[in-house]
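Good morning. I will take one model today and go through it in order, and you can follow along on the screen.

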Amino acid sequence: MTTQALMPKTGIRYWPGRVLRGIGRFLKLMSRNKTGFAGFLIFIFFVLMTTVGTLFVPEVTKADINAIYAPPTWEHPLGNDSQGKDILSQIVHGGRDILQMALLTGIISTFIGVSLGSLSALIGGGFDAFLSMLADIWLTIPRFPLLAVLATLVKLDNMIYLALLLSVLSWAGLYRSIRAQVFSIKERDYIEAATALDLGMWHIIFSEVLPNMLSYIAISFTFGMTSAIYAQVGLVFLGLVPLTRNWGVMINLAWTQGAIFFKDSIYFIMAPVTAIALFQLSIVWMSRSLEEIFNPRLRTG
Amino acid sequence: MNAGSGEYLIEARNLVRMFGARRERVTAVDDVSFGIRQGEVVCLVGESGCGKTTTGKMITGLLKPTSGQVFYAGKSVWTPRGDKGEDFKTYRLGVQIIHQDPYASLNPSHTIYKILSTPLLHHKFVANTYEALDRVIELLNIVGLSPVEDFLYKYPHQLSGGQRQRVSVARALTVNPRVIVADEAVSMVDVSIRVGLLNMMADLKRNLGVTYLFITHDLAVAKFFAWEGRIAVMYVGSIVEFASTPQLINDPLHPYSKALLAAVPEADPELTRSKKRVELRSQDIPSLLALPSGCRFHPRCPYFEPGLCDVKRPELLPVGENRYVACHIAAREAGAPT
Amino acid sequence: MEKQSSVPLTVEDLWVEYQIERGVVKAVRGVSLSLVKGESLALIGESGCGKTTLGVALIRLLVQAARITRGEITYWRDNKGIDVLSLKERELRRFRWRECAMVFQSALNAFNPVLRIWDQILDTSKAHGGMSTSQVRERAMQLLEYVQLDPKRVIDAYPHELSGGMRQRVLLAMSLLLDPQVLILDEPTTALDILTQRTIIDLLRRLKEEIGFAMLFISHDLATAAELADRVATMYAGSIVELGPVDDIFYRPAHPYTLGLIRAVPTVTGEFEALVSIPGAPPDLVDPPPGCKFHPRCPYVTEQCRVEEPQLKTHYSETHSVACFNVQRVQQDTLDLQERYAKYAGGKAS
Ligand SMILES: Nc1ncnc2c1ncn2[C@@H]1O[C@H](COP(=O)(O)OP(=O)(O)OP(=O)(O)O)[C@@H](O)[C@H]1O
Ligand SMILES: Nc1ncnc2c1ncn2[C@@H]1O[C@H](COP(=O)(O)OP(=O)(O)OP(=O)(O)O)[C@@H](O)[C@H]1O
Ligand code: SF4
Ligand SMILES: [Mg+2]
Ligand SMILES: [Mg+2]
């Protein structure tokens with residue numbers, strides 16, 4: 001066999017092929033865990049529904065007095081609300097904010113947690129001690145009440161602000177777990193070998209430490225998303241965040257309209273609750289597969 | 001004293017390493033000195049916790065000595081202020097380490113090719129990936145992992161313990177080290193595989209002139225690997241005897257070496273049954289937090305002489321050519337100058 | 001029946017499997033052996049060959065994923081045979097400590113860190129019944145003394161206050177608490193330092209001679225086996241490939257694998273010996289090779305070995321059996337070992 005034949009097949013020229021192969025392998029690994037794959041499918045369904053779906057399901061703005069609390073029909077599969085508006089349409093259009101914000105919060109909080117956590121563990125000394133203390137204090141502050149108070153002070157009508165605020169508020173927990181993880185990886189023999197081989201700090205962080213934390217980071221990311229969703233829905237439900245099209249708003253409306261007292265309004269309150277629960281479930285399930293995908297022991301190709 | 005002796009490729013002089021703070025402070029390595037010549041094997045043996053790994057890491061430069069010096073090729077590795085010496089980079093690549101645990105010493109995220117090519121490319125030992133591949137193949141052949149195509153793109157978890165240790169050796173060889181510190185490199189590998197690994201490492205000495213600091217708690221392995229070299233026996237942080245392997249194995253002088261050799265069971269029923277044992281006065285290994293006065297071995301030593309051994313700490317003294325012992329009684333009997 | 005009173009445990013054609021994602025691990029494949037009173041049998045072989053599985057199967061303490069698919073385990077007491085595999089859970093519990101005790105591999109972590117030694121001893125004896133607290137205390141003190149510990153100091157200590165060797169001795173004492181006839185020791189000296197190992201070996205030898213139970217001693221260390229065993233069984237890929245008196249195994253091994261092991265392990269005292277390694281690696285027990293499981297690594301391999309699996313047959317004597325088609329050729333390569341033995345034996349005779 002010639003040396004040529006043994007070259008790793010990763011030439012940059014084939015990048016479309018590589019991307020396709022990557023997706024294929026991703027799906028294959030994803031489907032390894034049944035629950036995880038189910039979660040992944042539901043997640044994709046929600047993503048499609050709130051993006052592509054909005055093109056097919058028209059947004060209803062007009063009230064229809066004749067259809068108040070109308071039970072499901074073929075035209076309105078989830079029935080109608082207290083104003084006679086189609087519930088399905090509201091579900092389809094009310095998810096986008098939540099999804100975007102959850103993703104954004106997941107990304108920002110993971111970024112903060114991972115960078116502060118790894119730096120803290122790798123630099124150590126006073127920097128580490130200071131951040132750790134700060135995190136400890138931070139963790140003692142009850143988060144949701146603080147958020148509620150802040151929401152009344154700052155006008156949180158912009159999703160990015162909200163995501164930033166949520167991320168900043170939740171940095172401490174993630175910071176601590178990432179820091180602990182990096183500390184344990186730092187002690188491993190292969191890191192020491194890399195030090196002896198003088199491969200440099202950047203190589204050690206990005207090539208030796210991070211790849212072994214990916215599953216961990218992915219899990220943290222999903223946790224960040226789920227808690228962001230609860231926080232946002234909570235805020236919206238309390239009316240502290242002035243959003244209009246939103247599952248949280250739907251629950252709020254259903255609640256204030258006394259939905260729990262009417263048998264007919266069951267669809268109105270259950271639809272957004274189910275959507276939120278299902279979406280959260282899909283994330284939690286999906287994280288199981290993510291865990292496996294990033295576990296190098298299973299990445300045998 | 002800023003120059004090492006020209007005799008040794010790597011030399012430890014009065015190495016001390018402490019851990020912990022205040023009342024928990026322990027001296028894990030206490031005044032250890034030895035030198036290894038180019039192409040020689042020096043074996044460090046002793047029981048768990050006696051400071052072998054700590055010494056090995058100081059020799060590799062992964063741990064800074066609390067005091068004392070390491071010399072590489074005659075030059076001091078650390079400056080008097082404890083910074084990296086001028087030739088640190090040469091030293092850093094010149095001394096590599098092989099760890100004990102085959103399951104922890106390779107990054108599970110990388111293929112064997114990646115593990116071996118990274119240092120080659122990083123230090124520009126090769127110009128491009130094609131050259132890197134050539135060199136990786138060469139290295140895999142050197143450590144006996146052939147056919148190479150079965151290994152190149154495997155992940156560490158797809159290899160057996162013995163094969164992983166071979167990859168670790170190959171990874172150390174990427175930077176053409178002159179010294180390899182092998183810390184219990186074969187302890188976790190099965191007997192049936194162990195000899196092959198040891199023979200491969202011995203071939204590196206023969207063919208590439210690699211110098212070894214070989215750390216083990218297994219005297220049989222020490223004897224086999226360092227038969228032409230020397231063995232240093234450590235006891236709670238210090239070297240108590242240092243001699244050529246055949247001398248040490250067949251005629252140990254220090255009571256602790258004698259006890260160790262007498263205690264090892266032998267893989268030969270008649271031999272092991274007929275072995276003379278050394279009765280120790282106590283079985284307790286002293287805690288580093290409460291070290292005995294005088295000779296650290298005195299509470300256990302069958303040759304203990306009150307008024308001498310428990311009062312005065314014996315130094316590592318030369319007794320005969322290339323032979324050192326740290327024991328009042330043994331030194332006296334060997335007629336060492338005191 | 002005379003024989004059975006000295007043979008407390010017999011195993012007949014035992015098969016154990018683990019169900020894993022990849023398939024079925026055949027960890028023990030058709031093992032037969034008997035343990036004799038006052039005698040220790042060493043089970044040697046490399047990591048993963050099924051030693052622990054066999055040991056644990058004898059007291060039926062296998063994990064969920066494991067299944068005994070075939071075979072018989074008979075425990076003999078007062079000339080009555082008890083079928084261990086059909087014991088009910090309650091009878092099993094009794095059987096486990098009172099008749100047949102096991103000291104587990106990595107036993108050093110077997111203690112509950114927050115309980116004193118005395119509480120752990122008491123828990124064990126309570127779980128298996130029969131003695132009052134004061135009886136247990138008295139017996140425990142005796143046994144701790146017997147294993148050369150200071151009972152007063154040790155019994156009220158927490159596990160972390162004891163060294164590895166001391167903990168190992170406490171475990172031995174605990175296993176003797178209920179006077180078992182059979183003692184199974186899984187790697188009792190592996191994690192210990194040389195000098196500590198020595199005290200444990202000496203202790204085990206004394207136990208065997210003075211108490212006279214049947215001992216199954218699992219180890220991958222040939223030297224410990226050479227020192228402690230009366231008989232040795234070599235295990236490879238789940239089967240016993242050679243079984244015989246310790247001197248036979250070390251001086252006239254008849255199986256290529258046993259011979260390979262002996263050639264691969266240096267002795268400490270004496271001159272330098274060149275060592276020969278066994279090529280290759282142990283087989284995957286999910287998908288073992290056909291024929292003799294050792295054939296891919298064996299220097300004596302013939303065509304027959306590749307297709308047919310050799311069975312244990314006696315060789316040299318009634319007590320020495322081996323599973324290999326090419327025993328004659330192996331034997332010729334052990335002349336130097338036999339000579340070494342003859343020298344010793346001669347020395348002894350004169
Ligand atoms: N990072 C550390 N912090 C505190 N104490 C340490 C540290 N590293 C080692 N020690 C202590 O120093 C002593 C020597 O440890 P070392 O690892 O060098 O022993 P060793 O001879 O290699 O033992 P083993 O055979 O068990 O590997 C031990 O008592 C250990 O507890
Ligand atoms: N709980 C388990 N589930 C699945 N497979 C197992 C389990 N325990 C052991 N095995 C497999 O069964 C085989 C025999 O294992 P066992 O622990 O009996 O080996 P051993 O000879 O005691 O090895 P060692 O010397 O490493 O202790 C191995 O291949 C192992 O991978
Ligand atoms: S049966 Fe054949 S392959 Fe198996 S050990 Fe004997 S000679 Fe070797
Ligand atoms: Mg060590
Ligand atoms: Mg085992």
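I will start with how the chains meet, then turn to the two ligands, and finish with a few single residues.

A word on the source before that: this is a predicted model.

Chains first. Two pairs of chains are in contact, and the pair sharing the most contacts is B and C. Chains A and C do not touch, and their nearest C-alpha atoms are 12 Å apart.

Now the interface between B and C. Chain B puts 39 residues into the contact, and chain C puts in 43. The size of an interface is often given as the accessible area lost when the parts come together. For chain C and chain B the buried area is about 3,800 Å², with 61% of it given by carbon and sulfur atoms. On the chain C side, C:Ile194, C:Leu195 and C:Val268 supply 21% of the area buried against chain B, more than any other three residues.

The other interface is between B and A. Here 25 residues of chain A are in contact with 37 residues of chain B. The two chains bury about 2,800 Å² between them, and carbon and sulfur atoms account for 61% of that. Which residues of chain B lose the most area to chain A? They are B:Pro108, B:Tyr130 and B:His157, and together they make up 17% of what that side buries.

On to ligand 1. The residues around ligand 1 are all on chain B in the list I have here: B:Phe19, B:Ala28, B:Glu47, B:Ser48, B:Gly49, B:Cys50, B:Gly51, B:Lys52, B:Thr53, B:Thr54, B:Glu184 and B:Leu288. By class, that shell holds four nonpolar, five polar and three charged residues. Helix H1 of chain B, residues 52-60, gives the most to the shell, with three residues.

Some distances to oxygen atoms of ligand 1. From the side chain of B:Thr54, an N or O atom is 2.5 Å from an oxygen atom of the ligand. B:Ser48 has a polar side-chain atom 2.7 Å from a ligand 1 oxygen. For B:Cys50 the contact is through the backbone, where an N or O atom lies 3.3 Å from an oxygen atom of ligand 1. As for cover, ligand 1 has 630 Å² of accessible area on its own, and the protein covers 58% of it.

Ligand 2 next. There are 16 residues around ligand 2, and those that come nearest are C:Ser47, C:Gly48, C:Lys51, C:Thr52 and C:Thr53. The shell divides into seven nonpolar, six polar and three charged residues.

The distances at ligand 2 are as follows. An N or O atom in the side chain of C:Thr52 is 2.5 Å from an oxygen atom of the ligand. C:Lys51 places a polar side-chain atom 2.8 Å from an oxygen of ligand 2. A polar backbone atom of C:Cys49 is 3.3 Å from a ligand 2 oxygen. Taken alone, ligand 2 exposes 630 Å², and the protein buries 69% of that.

Two of them are in helix H15 of chain A.

A:Ile283 sits in that helix, which runs over residues 266-293. Is A:Ile283 buried or exposed? A:Ile283 counts as buried because its relative accessibility is 0%. Beyond its neighbours within four places in sequence, A:Ile283 is in contact with A:Phe43, A:Thr222, A:Met225, A:Thr226 and A:Ile229. Between A:Ile283 and A:Phe294, eleven residues apart in sequence, the C-alpha distance is 16 Å.

A:Ser289 is also found in helix H15 of chain A. With a relative accessibility of 0%, A:Ser289 counts as buried. Leaving out residues up to four places away in sequence, A:Ser289 touches A:Met30, A:Asn33, A:Gly36 and A:Phe37.

C:Pro113 counts as exposed, because its relative accessibility is 57%. Not counting residues up to four places away in sequence, C:Pro113 touches C:Tyr158 and C:Pro159. C:Leu285 is 172 residues from C:Pro113 along the chain, and their C-alpha atoms are separated by 35 Å.

That is the end of my part.

Notes:
Residues numbered from 1 in each chain as written. Chains lettered and ligands numbered in written order. Predicted model: local features only at pLDDT ≥ 70, side-chain atom pairs only at ≥ 80, totals over all residues. Heavy atoms only, no water. Contact = heavy atoms within 4.5 Å. Near = heavy atom within 4 Å. Polar contact = N/O pair within 3.5 Å; in protein donor to acceptor, adjacent residues only side chain to side chain. Areas by Shrake-Rupley, 256 points an atom, 1.4 Å probe, with all protein chains shown as cover. Helix = DSSP H or I, 4+ residues; strand = E, 2+ residues; numbered from the N terminus. Nonpolar A, V, L, I, M, F, W, Y, C, P; charged D, E, K, R; others polar. Buried < 20%, exposed > 50% of the residue type's maximum accessible area, 1.4 Å probe, protein only. Buried area = accessible area lost by both parts, 1.4 Å probe.
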